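Here is a short report on helix packing and the nonpolar core. Please read it alongside the model.

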Amino acid sequence: MSVRGIYRLTVRTYWRQAGFLVVLGAIVFVPLSLLDALANEVQEVDSHQITKLELAALIGGLAAQGVTSMLGEVFYSGAVAVTLAVEEDRSRPTLLRVARRIAYGRLIVVDLLFAVVVTIGLELFIVPGLLLFTWFALSGPIVELEHAGIKDAFVRSARLVSRRFWTVFAVLVPIALASAVLSGAVVDALPPVLGSDFLSDWIAEAASSIAISPFYALAAVLITLELSDASARGARPI
């Protein structure tokens, strides 16, 4: 399958699963976007003009917001993997079933390690960061699809990606960059709602996340399924 073919399959899958993905996205990202909007508000507070207790509460709130956002992203990507994994049975899982099947602990650790590794690579030079991003981009889906452990997920991701590195790079890196740019553009472009920048930020963040986030998750899961299947058959993957 070519890069264009993966994009087409991602769009077709998005269209076929649109209802489920939008509902799931609303459940996950509407409350998380509220936390993000609140965090943006409190970040504007002058730390020199508040008490130590208020500052501690502010720091704690921001930390809690970060953890909650991470859990939301983990839940969403895991839910997409579970949904596509059972699609062959033509029995779309319920949200409750999805929530019960997600390996939260392993996914959280994998996501944290992935973020740290890629960030270090980007800080050193841009190229190493992009290379590390591509090699380990399938670690999360592998945890759900193959029930792999943390170390095995990274090793398996690198092994699968090495078979068609530039194909994976050409699909996931542009989607990740475009998602970040478009999400920021939507937030910046929406005028104040009812005269409130807070409401504007909340609505824009939620809407952009619900609309854009599924594309990366779908593409990563579809690539993982294709590469895993090709590896099992001993065939040349995508």
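The model is predicted.

**Helix pair.** Helices α5 and α6 pack at an angle of about 155°. Their axes lie 6 Å apart. Angles over 145° count as roughly antiparallel, so α5 runs roughly antiparallel to α6. On the α5 side, the contact uses Phe114, Val117, Val118, Gly121 and Leu122. On the α6 side, Ile126, Pro128, Gly129, Leu130, Leu132, Phe133 and Phe136 take part. By class, the contact residues are ten nonpolar and two polar, with no charged residue.

**Helix α7.** This helix is mostly covered, with seven of its eight residues buried. The buried set is Ser139, Gly140, Pro141, Ile142, Val143, Glu144 and Leu145. His147 follows α7 and has a positive phi, near 55°.

**Nonpolar core.** The largest nonpolar core holds 48 residues. Val80, Leu138, Val171, Leu172 and Ile223 touch the most other members. Helix α10 gives the largest share of this core, nine residues. What does Val80 touch, leaving aside residues up to four places away in sequence? Its partners are Leu21, Ala217, Leu218 and Val221.

The helices named above span these residues:

| Helix | Span |
|---|---|
| α5 | residues 104–124 |
| α6 | residues 126–136 |
| α7 | residues 139–146 |
| α10 | residues 197–233 |

Notes:
Residues numbered from 1 in each chain as written. Predicted model: local features only at pLDDT ≥ 70, side-chain atom pairs only at ≥ 80, totals over all residues. Heavy atoms only, no water. Axes fitted to C-alpha atoms, helices over the stretch in contact; angles between N-to-C directions. Helix = DSSP H or I, 4+ residues; strand = E, 2+ residues; numbered from the N terminus. Parallel < 35°, antiparallel > 145°, perpendicular 65-115°, else oblique. Contact = heavy atoms within 4.5 Å. Nonpolar A, V, L, I, M, F, W, Y, C, P; charged D, E, K, R; others polar. Core = buried A, V, L, I, M, F, W, Y, C linked by side-chain atoms within 4.5 Å. Buried < 20%, exposed > 50% of the residue type's maximum accessible area, 1.4 Å probe, protein only.
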